Structures are given as structure tokens and as C-alpha cells.
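Hello,

Here is the structure I promised to hand over. Please open it and keep it beside you as you read my notes below.

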Amino acid sequence: MNPLDPGEFRRQGHMVVDFLAKYYENIEKYPVLSQVEPGYLSKRLPSSAPQDEEPMEAILDDVHQHIFPGLTHWQSPNFFAYYQTNTSTAAILGEMLCAGFNVAGFKWVSSPAATELESLVMDWLGKMLDLPRPFLPFGNGGGVIEGNTSEAIICTLTAARDRVLRKLGHNSIAKLVVYGSDQTNCSFQKAARVVGIDPRNFRALKTTRSTLFGLSPDSLEKAIHLDINAGLIPLYLCATVGTTSCAAVDPLEPLCKVASKFSMWIHVDAAYAGASCICPEYRKFINGVEFADSFSFNAHKWFLTPLDCCCLWLKDPNALVKSLSTDPEYLKNEATESKQVIDYADWQLSLSRRFRALKLWLVLRSHGVQNLRSHIRNHCRLAKLFEELVEEDPQFEVVFPRNFALVCFRIRPSGVAGMSNGHVENEHGEAWKLNEVNRLNAQLLHAINASGRFFMSHTTVGGVYVLRFAVGATLVTEKHVIMAWKVVQEHANSLLSMPASEQHSA
Ligand code: PLP
């Protein structure tokens, strides 16, 4: 047995590349949302591992026969759900180089290129985003690639917690309070739990339509005062640029001004929308980031880079190092002792780490800043096109103003049988109306996704059920957006043409 035989690697590698190239050529033939039932795979594959080797041909055949049906095709140009995690040839090949070298760059010395390329790429990207000087190495800040935003929040929250507890003593942990909005991604709540914040001290402050579901600085300040009066200690604010539900934007500058008064750590989570800020016209959305302590965005969402790749910058990386570094004898080395190098293991949760910078470096070099900007602008243009199609149809409405490449829309209440001008003509009143409109929109989504023709997801904001059309696939074109809209209309027309009684009970 030779698991790293160069000849076989070349032969099998070509096969896998051909297999994937063919997959991309044919990707539109598959139903976008997988249609399998839970447990489908155990019925198709053997219940124990083979005793003897099997050829790559047979394995790829099984991928085609048995894995494909259970795939939801995230790279399909007809994928408009959640937020995309788009990819590119450059990044896939970067992943291949990463797996091929398979270095564990925990310390600088364990693979200097892994550390130094990561610092370089984060510096390039920081400049592309026009991040303020204190986030970049020449301003004493620095960037690191984490696996995902959840890790970035856990790491920064840990640093914030320890910074306070070093002054006040560990017993104060029960008094620490963290703040976000009811639109902040659920990863924040999980991070707070992991870091030991009392669940009663987790504030998900209510947002409303009046602030377009952005967190209001006044409500933050009021909540902080209430907590201080109750003997608690404000610790951390997670502000979001581009929320998961509807891409709302928290007003960074006024929020930071409030949080800074109480010496809180401010993290800006721009997991999705951060990528757009490489375009000067979108950079305004992170104005105010200069007052924050840390900022992150997921290159694995909208930046042609596959999972996992979260880019995190901090003004004070030492705060992270103080919380996360360890110094066992078996890792001691001269470079670390010289204090001339970064040991990225001290900036993250795990010890070992992948050479993720390679894929990002390949993306930046293979495309260049101008093409990356065009990629973002193209998706925003396509989202605008979809938004215009929705607006032209009186049966539908756009529910929130669009900031990036996400369109939130629904069948409008007056489009539902038995309701005119949004008023319902039966004994159940307003609540009934909202439930019915929500139910009808949910039915529409279900019918569209079950057709397999394209895939969208939903959210509920302020009690309103919303269809989310998120443009982000690498292969998407105008043709796909127009076709998707036709599918929406077809399904909506058939739902809305049902008799009112069936419409309401279907
Ligand atoms: N924050 C925002 C705004 C998001 O939209 C998401 C995921 O969509 C996350 C955080 C979670 O990111 P991750 O899966 O990288 O932890």
C-alpha cells in the first residue's frame, strides 16, 4: 500500500478534477434542493467499511449514484437561499494546495510560510476594505483567519471577558452582560453560553421597522443603564452589518459611541455584507468601524472562497493572545521566544490550523481587486433586477429596502383572496389576516422549493413571513434571475387562483 503514490495521485487527481468539471457543466440539471428522505443514505451504502481497497472509479460512481441525490446544490446558479457560500476554481485549487501540503501552522516555526502568508493576505484584504490603520499591523493591529464567525465571536468575547475579569476578579463573571439585537445571528448567543455569560445577562434588544431592524443606540443606552443600576457590568456589543434575516445594518458610529462610554468591547459582525465593502460605494456601511475593537467577515460567503474562511481583524491582538495562548514545553522554540513572530495558535481556539491563507491568496491573485468588485456589483445588479420585477407585480411587495444582494418580498395582503386593501373580510380580524398571509407565503415557498427549479429560504421579521431571494452563486446570470421570477409567478398564480376557502385551508 502506498497512500501517497505520486503516479496514482496524478491519475486519480485528474479523474476528480474531470468529475467536478462535469458536475459544474451539468449542475443545472439537478433539483437544487435535495429531495431525499431522512436516513436515505444508510439504505444505499454498506453498514461497515470495506476490508479491501476499492478503486477510485467505483468510489466516484457511488458519489454520482448515492451522494448526488442527497446534495443540495449550493453552487447551482439557481440557488438563492440563506446566504451563499460561493466558490471559484482558484479557491478550490488553493484548497488542494492546502490539503496537499497539509501543514499545521500553529506556531510560526511549524511552517513559517503559513503564518507569513496569512499576515500578508489579511493585510492586503484590510487595505482593500479600507480598514482604519489601528486594525492593520503598521497600526499595531492585526488580522487572522478563523474557521467561521462563531469562532471569531467566541475568541473576541473571551478576550473581552478576561480583560475585565483581570481587573475585577473571576467572581465578577456572573455580572457580565453582553448586547446585541433580536436580529443578531444566533452564533452570538451560543458564544455567550460557551464563554460563561449568565444566560440572564444576554440582551437581544428589540428592533422595529422604524429603524429598519437596525439596533437603536437609545435602546442600547437604556438597557446598559438598567443593567448598571442593577449592579451588572456591560461587557460586549455585537453590532451587525448585514443581518442574517434581512441584511439590516446596525448604525455603527452611534452604537460605538454609546458602548465606548462604558468601555465595552465592540465587535462588528459583517459575515455576509463585509465582502461588499471592497467596493467604494458600499464601504459606507462600515463607517464607524474605527470606533470598534474587532471586525470580521466571512470570505466563505460572498468572496469566491469555499468554507471555511472567516477574516477577523483586531486593534489589540495581544488581548486575544493573553486569553488564548499556552506555552507547553513541547512547543517551545527560539522564534517564539524572540517575540519577532506571530504564533497564530494563540489567536484561535484550536491548536492545529489549516493553511487557509493559500486559497484566499489564490482568489486575490487570480482575480484582482477590480474583478472581485465586479463580482459583488454584478450580484447587487441582479438583485436589483429581481426587486424591480417584484415591484412591477401588484400581487407582491418588497418588504424591506434592499441594501446588498438580498431581496425580501412576499405576496402582499391585498393579493390574498378575501382581503382587500389589506383588510380581511371575516370574523377573525387583523391577527387572522397576518397569519393567513404568512401561511400563504409559506405555501408558496414550499411549492417552489419542492419543484427543485430553484431554492429560496425564508425568515420572519416583526411577525411577517418573508421570502428571501439572495443572489450570490458564482454561476448566476440574468437568465436565472428572470426564470426564478417566472417560477414565483407561476406558483403564486396557481395558489391565488384557488377558491378562497381552499386558499385559506390548503
Ligand atoms: N453572522 C451573520 C450576520 C451571519 O449571516 C452568519 C451566517 O449566515 C453568521 C454570523 C454565522 O457565521 P458562521 O457560520 O461563519 O459562524
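Two helices, α5 (149-168) and α9 (299-302), each supply at least two residues of the shell around the ligand. Helices here are DSSP runs of H or I with at least four residues, strands are runs of E with at least two, and both are numbered from the N terminus. Please bear in mind that this is a predicted model, where local features need pLDDT of at least 70 and side-chain atom pairs count only at pLDDT 80 or more, while totals for chains, interfaces and linings use all residues. Residues are numbered from 1 along each chain as its sequence is written, and side-chain values use heavy atoms, with hydrogens and water left out.

The ligand has 14 residues around it, and Thr149, Ser150, Thr244, Asp269 and Asn298 come nearest. To count as near, a residue needs a heavy atom within 4 Å of the molecule. By class, this shell holds two nonpolar, 10 polar and two charged residues. For these classes, Ala, Val, Leu, Ile, Met, Phe, Trp, Tyr, Cys and Pro are nonpolar, Asp, Glu, Lys and Arg are charged, and the others, Gly among them, are polar.

Which atoms meet the oxygen atoms of the ligand? A polar side-chain atom of Ser150 lies 2.6 Å from one, a backbone N or O atom of Thr149 lies 2.9 Å from one, and a side-chain N or O atom of Lys301 lies 3.1 Å from one. Taken alone, the ligand exposes 400 Å², and the protein buries 83% of that (areas by the Shrake-Rupley method with a 1.4 Å probe).

Now for the pockets. A pocket is found on a 1 Å grid over the protein atoms alone, as an open set of points where a 1.4 Å probe fits, with protein on both sides within 12 Å along at least five of seven lines; lining residues have an atom within 4 Å of a point. The ligand takes up the space of the second largest pocket, and a molecule sits in a pocket if more than half of its atoms lie within 2 Å of the grid points. That second largest pocket holds about 530 Å³ of space (the volume filled by probe spheres set on the points, which are joined across faces, edges and corners). It is lined by 31 residues, with Asn185, Cys186, Thr243, Thr244 and Ser245 closest to its centre. The largest share of this lining, four residues, comes from β12.

How much space lies in the largest pocket? About 850 Å³. Its lining has 35 residues, and Asn318, Val321, Val341, Ile342 and Asp343 lie nearest the centre. Helix α4 gives the largest share of that lining, five residues. The lining divides into 13 nonpolar, 12 polar and 10 charged residues.

Two backbone details are also worth a look. Most residues other than glycine have a negative phi, and most peptide bonds are trans. Phe213 is not a glycine, yet has a positive phi of about 65 degrees; Phe213 is in the loop between β3 (202-205) and α7 (217-229). The peptide bond from Leu307 to Asp308 is cis, with omega near -5 degrees, and Asp308 is in the loop between α9 and β7 (310-314).

Happy exploring!

Technical notes
A polar contact is a pair of N or O atoms within 3.5 Å; within protein, one must be able to donate a hydrogen and the other to accept it, and residues adjacent in sequence count only if both atoms are side-chain atoms.
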